[in-house]
Protein chains: 2
Amino acid sequence: MSAPFQVVASAGRARAGLLQTAHGVVETPVFMPVGTQATVKALSSADLTRLGARIILGNTYHLALRPGAERIASFGGLHRFMSWPNAILTDSGGYQVFSLRDRRTVDDAGVTFRSHLDGSEQRLTPERAMAIQTALASDIAMAFDECPPSDAPREVIEAAISRTTRWARACVDAPAPPGQLRFGIVQGGVHLDLRRAHLAEIAALPFDGLALGGLGVGEAPDVMYGVIDAVAADMPADRPRYLMGVGTPKDIWTAIGAGVDMFDCVMPTRNARNGHLFVRGGHINIANAQFRDDPRPVEDGCPCECCASYSRGYLAHLFRAEELLYYRLASIHNLEHYLGLARRARAAIVAGAFPASPW
Amino acid sequence: MSAPFQVVASAGRARAGLLQTAHGVVETPVFMPVGTQATVKALSSADLTRLGARIILGNTYHLALRPGAERIASFGGLHRFMSWPNAILTDSGGYQVFSLRDRRTVDDAGVTFRSHLDGSEQRLTPERAMAIQTALASDIAMAFDECPPSDAPREVIEAAISRTTRWARACVDAPAPPGQLRFGIVQGGVHLDLRRAHLAEIAALPFDGLALGGLGVGEAPDVMYGVIDAVAADMPADRPRYLMGVGTPKDIWTAIGAGVDMFDCVMPTRNARNGHLFVRGGHINIANAQFRDDPRPVEDGCPCECCASYSRGYLAHLFRAEELLYYRLASIHNLEHYLGLARRARAAIVAGAFPASPW
């Protein structure tokens with residue numbers, strides 16, 4: 001079997017690649033919209049297809065609690081359940097359960113936590129995280145990792161790293177459904193020596209791709225950029241590199257320049273719902289009174305359904321009236337901004353030059 | 001100028017017609033989705049076009065308060081503001097302001113009321129209602145009427161009728177934008193003699209269509225059917241007949257059989273948001289636990305986007321998770337049910353036989 005990932009062009013350290021999944025080829029760099037609860041909030045699968053999304057992310061933690069991984073399996077897997085024909089990457093639930101700071105206890109075999117929905121006791125282990133992702137039948141499954149807080153003492157991060165490596169081995173050994181790719185996660189906070197040591201351990205395992213976890217969790221952007229710049233250069237060139245949960249358009253562009261291939265973030269959809277709409281080089285806040293009388297689209301020249309048909313004034317009205325249509329149109333626009341950013345990056349790399357700024 | 005309405009077929013008292021508006025020809029019988037605040041809740045104009053809607057309703061009361069009729073006019077009218085290329089009927093605000101029972105006072109010239117948004121004092125008169133509908137640039141404007149409660153004493157209804165007739169004359173005399181049709185409203189509660197007397201007064205005015213108001217406001221269905229059956233027969237055959245704000249699929253089918261041509265109701269969209277999904281001859285409540293494991297579409301054979309791609313199980317999950325996509329998919333399905341009902345009625349009438357039940 002040929003390797004699932006191929007670099008087809010590069011410009012400096014930025015790469016353009018092709019990632020073969022069981023549900024189609026994904027062109028990288030790629031942004032993956034976040035579909036936490038088997039839906040990218042406010043959008044249908046047809047909306048995502050119209051936006052040109054070819055891979056989305058699903059959340060193991062949320063889906064396992066509701067509607068339940070076994071229920072999704074009974075519907076034929078997550079693709080069929082949510083009527084999404086393209087690729088899906090699932091996270092392992094690690095990030096979410098470690099975010100439940102006072103509702104979870106960690107031991108060497110896994111994490112016991114209380115559901116945010118009903119308070120019921122639940123347990124996630126490397127084996128269970130992979131079994132859930134097998135039931136969901138995602139195209140890319142992430143290893144179960146320990147994600148310490150950004151301000152954790154070095155000893156805590158060292159302990160998390162060694163536990164994450166042991167769990168990564170358990171994930172590699174867990175049964176995989178045919179065609180599912182598995183990615184390992186590199187932790188280490190902002191300590192470059194720990195990041196490099198952990199990368200060596202994870203890269204030694206037979207993962208199809210490698211991710212940087214535990215970034216964009218409160219550290220200053222320049223500190224994060226420094227870690228990405230240093231660590232991405234050491235990540236194996238023949239496997240896709242995924243920066244988890246990051247970030248702003250600038251964060252993503254900078255990371256692409258450092259050689260990262262894959263991204264996900266709730267920012268475009270969450271910010272959309274709060275009135276924050278991305279435009280080239282910045283954003284507008286649709287709650288501002290001036291936009292009530294503005295006949296222009298959110299962004300001139302934007303090809304999205306929102307900008308093609310609706311004005312800032314109309315969106316400002318829908319936002320104030322809390323009309324459901326607002327959330328959909330705003331999410332479409334912000335996702336177009338992120339997906340377009342990745343497409344623009346790829347086109348620049350293929351053309352042989354990756355500029356310092358997308359605009 | 002030729003008459004804007006033509007009856008092209010009939011079956012018993014049921015009629016199939018063509019209503020010419022400034023934004024296209026509307027085939028009747030027709031159901032008009034309700035777009036209260038310049039959006040049919042949860043749906044875009046493209047969604048409505050895909051559903052085959054050719055005319056929707058806008059609410060003068062809501063639009064005048066927010067974003068304001070003059071603001072909509074500055075965007076080129078309601079069609080442009082909400083990016084809707086087909087026909088729009090606007091109500092006059094009468095029903096809404098009379099629903100504000102303890103927030104309004106009536107005099108012979110109009111109604112003074114407090115906004116439900118900010119408590120500010122507002123006033124609506126026949127002249128202002130028509131001026132607002134002119135600013136909105138709707139294709140069909142409704143006369144400003146007094147709509148008494150269904151349980152009002154006969155004297156109150158008599159007084160409302162005579163005020164509504166005076167106001168109707170003022171509406172007819174108000175300036176109209178080119179191409180806008182104007183419909184009068186017949187009141188009279190459930191008193192057939194009052195309904196007939198008021199119909200004679202309103203029908204004598206040069207309205208392009210006539211509506212029955214004040215039905216479906218709490219009276220028993222059979223009482224309502226009796227009024228519709230008796231009064232529709234007396235309404236001028238050469239003008240469209242519009243039953244305002246009614247009702248269930250059975251109500252609509254029954255009224256079509258009595259010769260009514262046009263309908264609007266919030267029921268399909270409001271019920272959708274509450275979990276009530278229409279199916280042939282009844283409904284299902286998606287909140288019921290059984291649907292969590294049901295792989296079937298909401299309704300077998302339904303051509304809507306919801307039924308074409310998604311299962312009851314997926315909708316049940318979205319509903320429980322309060323995901324925004326639920327509201328859109330459910331609204332699409334329920335509107336397909338109502339729009340399909342009207343299309344089915346028209347096809348039956350054109351074929352020469354209108355059955356007692358659609359199924």
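Two strands are taken to pair if DSSP finds at least two bridges between them, where strands (E, at least two residues) and helices (H or I, at least four residues) are DSSP runs numbered from the N terminus. The model is a predicted one, in which local features need pLDDT of at least 70 and side-chain atom pairs count only at pLDDT 80 or more, whereas totals for chains, interfaces and linings use all residues. Residues are numbered from 1 along each chain as its sequence is written, chains are lettered from A in the order in which they are written, and side-chain values use heavy atoms, with hydrogens and water left out.

In chain B, an open sheet is formed by 3 strands in the order E8-E9-E10, with antiparallel pairing. Strand E8 (104–107) and strand E10 (121–124) of chain B each have a single partner strand and therefore stand at the edges, with one side of each left without a neighbour in the sheet. Neighbouring strands of this sheet are turned on average by 15° against each other, direction ignored; axes here are lines fitted to C-alpha atoms, for helices over the stretch in contact, and angles run from 0 to 180 degrees between N-to-C directions. Strand E9 (residues 110–114) of chain B pairs with E10(B) in the antiparallel sense over 4 bridges, and B:Arg114 has B:Glu121 in E10(B) as its bridge partner. Helix H7 (residues 154–173) of chain B packs on the sheet and touches E8 and E9 of chain B, its direction making about 75° with that of E8(B), where contact means heavy atoms within 4.5 Å.

The two chains are related by symmetry: chain A can be laid on chain B with an RMSD of 0.0 Å by a turn of 180° and a shift of 0.0 Å along the axis, the superposition being by least squares on the C-alpha atoms of residues with pLDDT of at least 70 in both copies. This is the relation of a two-fold axis. Among the residues of chain A, A:Leu324 comes closest to the rotation axis, its C-alpha lying at 3.7 Å. The same surface serves both copies, as 100% of the contact residues of chain A recur in chain B.

Over all chains, 20 aromatic pairs are found, a pair being two rings of Phe, Tyr or Trp (its six-membered ring) whose centres lie within 6.5 Å, with planes under 30 degrees apart counted as stacked, over 60 as edge-to-face and the rest as tilted. One of them is the stacked pair of A:Tyr310 and A:Tyr314, at 5.2 Å centre to centre and 15° between the planes; both A:Tyr310 and A:Tyr314 are buried, a term that denotes under 20% relative accessible area, as against exposed at over 50% and partly exposed in between (1.4 Å probe, protein chains only). A:Phe319 and A:Tyr326 form an edge-to-face pair, at 5.0 Å centre to centre and 65° between the planes, and both of these residues are buried as well. One aromatic cluster includes residues of both chains, namely A:Phe75, A:Phe81, B:Tyr310 and B:Tyr314.

The structure holds 0 disulfides over all chains, a disulfide being a pair of cysteine sulfur atoms within 2.5 Å. The sulfur of A:Cys302 has its closest cysteine sulfur in A:Cys304, at 3.7 Å, which is too far for a bond. B:Cys265, buried at 6% relative accessibility, is in contact with B:Gly247, a residue of the loop between strand E14 (241–243) and helix H10 (249–257) of chain B.

Technical notes
Lists of a residue's contacts leave out its neighbours within four places in sequence.
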